[in-house]
Each structure stands twice: as C-alpha cells, then as structure tokens.
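Here is a report on one protein model.

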Amino acid sequence: MYKKLLLTVDLGREKNAIKLCRNAMILASEETEIRIMTVAPGYGMPLVASFFPADAQKKIMEELRSMLTRLAEEHLSGNVSVRVREGKRSKKILEEAESWGADLIVVGSRKKLSRDGQRVLGSCSSAVADRATCNVMIVRGLPLP
C-alpha cells in the first residue's frame, strides 16, 4: 500500500471533492499518511492584490483551510494533515508531492471532451500525470466502486 497519499481537491466542486476523499480512503491503509490539499489562485501578485483589501488573501487562505479541515473530518480518517497553497494548481501540487515525499497523488479531472467527442484530461491533471515523480491516480466523474 501507499505510505504517503497526497489528495488534491477543488473546494468549489464539493461532490467531486467527496468522491476524491472516498477513493483515497479505498487506497489508504491504517499506516497511510494522507495529506489533503487545495490550491488558491495567486491573488498575491501586486497588480491583482491592489484590487483587494490588504487582508483579503489572509482571509481567503484561512477560509480555505477551514473548509478543507471540515471536509477531512467528515470524509477521511486516520493520519490526515491539511495543506493550502497559493499559485498555479499543477505546479503547487507537484511541489507539495516532491517536498512531502508523496508516493501517490490523487487528482480529479472534470468531464472534458475534444472536438470529436473523445474524453481528454484537463490541463492540471494532465500536467500532474506528465511531470510527477510518483504514482498518480486520476479520478474522473465515474461512479464509486
């Protein structure tokens, strides 16, 4: 089984986040460390930050941490930690996996179709799968096992 499972969720898509949590629990053993994370958009850039109150980013990060903690408490069990990062989603997921030493990344993929109707991966899940140095599980909008 996996020792360190990095579970990445989009808190704006609650049903998908719950599905990802359930899939992670299927893959985890009692010894598995699970780190659930989300990535906030990079509002910290000077040009973007000038449109928001000075403490807006801090409040956003605190709210995301609270939402992520609640999700973890309701849908995960065992040795679980919570991480909120800011920036480009695929880059931050890969950085977290590398620095934490994850041996599995679980990431979702929205239903996306090509021009000829074939299923394709989104840019984030594709970038993570292409560049990760560990195993990657991409969860699509399929029914749970």
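## Leu-71 and the cores

Leu-71 is in contact (heavy atoms within 4.5 Å) with Val-9, Leu-11, Ala-17, Ile-18, Cys-21, Ile-36 and Leu-76, leaving aside neighbours within four places in sequence. The model is predicted: local features need pLDDT of at least 70, side-chain atom pairs count only at pLDDT 80 or more, and totals for chains, interfaces and linings use all residues. Residues are numbered from 1 along each chain as its sequence is written, and side-chain values use heavy atoms, with hydrogens and water left out.

The largest nonpolar core has 24 residues. A nonpolar core is a set of buried Ala, Val, Leu, Ile, Met, Phe, Trp, Tyr and Cys residues joined through side-chain atoms within 4.5 Å. Buried means under 20% relative accessible area, exposed over 50%, and partly exposed in between, with a 1.4 Å probe and protein chains only. The residues with the most contacts inside this core are Leu-5, Leu-7, Val-9, Ile-36, Leu-71, Leu-76 and Val-106. Strand 1 (4-8), helix 1 (14-27), strand 2, helix 3 and strand 4 each give two or more residues to the core. Helix 1 gives the most, with 6 residues. Helices (H or I, at least four residues) and strands (E, at least two) are DSSP runs, numbered from the N terminus.

Another core lies apart from the largest one. This other core has 13 residues, among them Leu-6, Met-37, Ile-93 and Cys-124.

5 strands form an open sheet in the order 3-2-1-4-5, with parallel pairing. Two strands pair if DSSP finds at least two bridges between them. Strand 3 (79-86) and strand 5 (135-139) stand at the edges. Each has a single partner strand, so one side of each is left without a neighbour in the sheet. Neighbouring strands are turned by 20 degrees against each other on average, direction ignored. Axes are lines fitted to C-alpha atoms, for helices over the stretch in contact, and angles run from 0 to 180 degrees between N-to-C directions.

Strand 4 (residues 104-108) and strand 5 pair in the parallel sense over 5 bridges. Val-106 has Met-137 of strand 5 as its bridge partner. Helix 3 (residues 56-75) packs on the sheet and touches strand 2 (33-40) and strand 3. The direction of helix 3 makes about 155 degrees with that of strand 3. Helix 5 (residues 123-131) also packs on the sheet, touching strand 4 and strand 5. Its direction makes about 160 degrees with that of strand 5.

## Salt bridges

How many salt bridges does a search of the whole structure find? There are 7. A salt bridge is a side-chain nitrogen of Lys or Arg within 4 Å of a carboxyl oxygen of Asp or Glu.

Arg-35 forms a salt bridge with Glu-96, with the closest N and O atoms 2.6 Å apart. Arg-35 lies in strand 2 and Glu-96 in helix 4 (residues 89-100), so the pair ties together parts that are 61 residues apart in sequence. Both Arg-35 and Glu-96 are buried. Glu-96 also forms a salt bridge with Arg-83, at 3.0 Å between the closest N and O atoms. Arg-83 lies in strand 3, so this pair ties together parts that are 13 residues apart in sequence. Salt bridges that share partners join Arg-35, Arg-83, Arg-85, Lys-92, Glu-95 and Glu-96 into one network.
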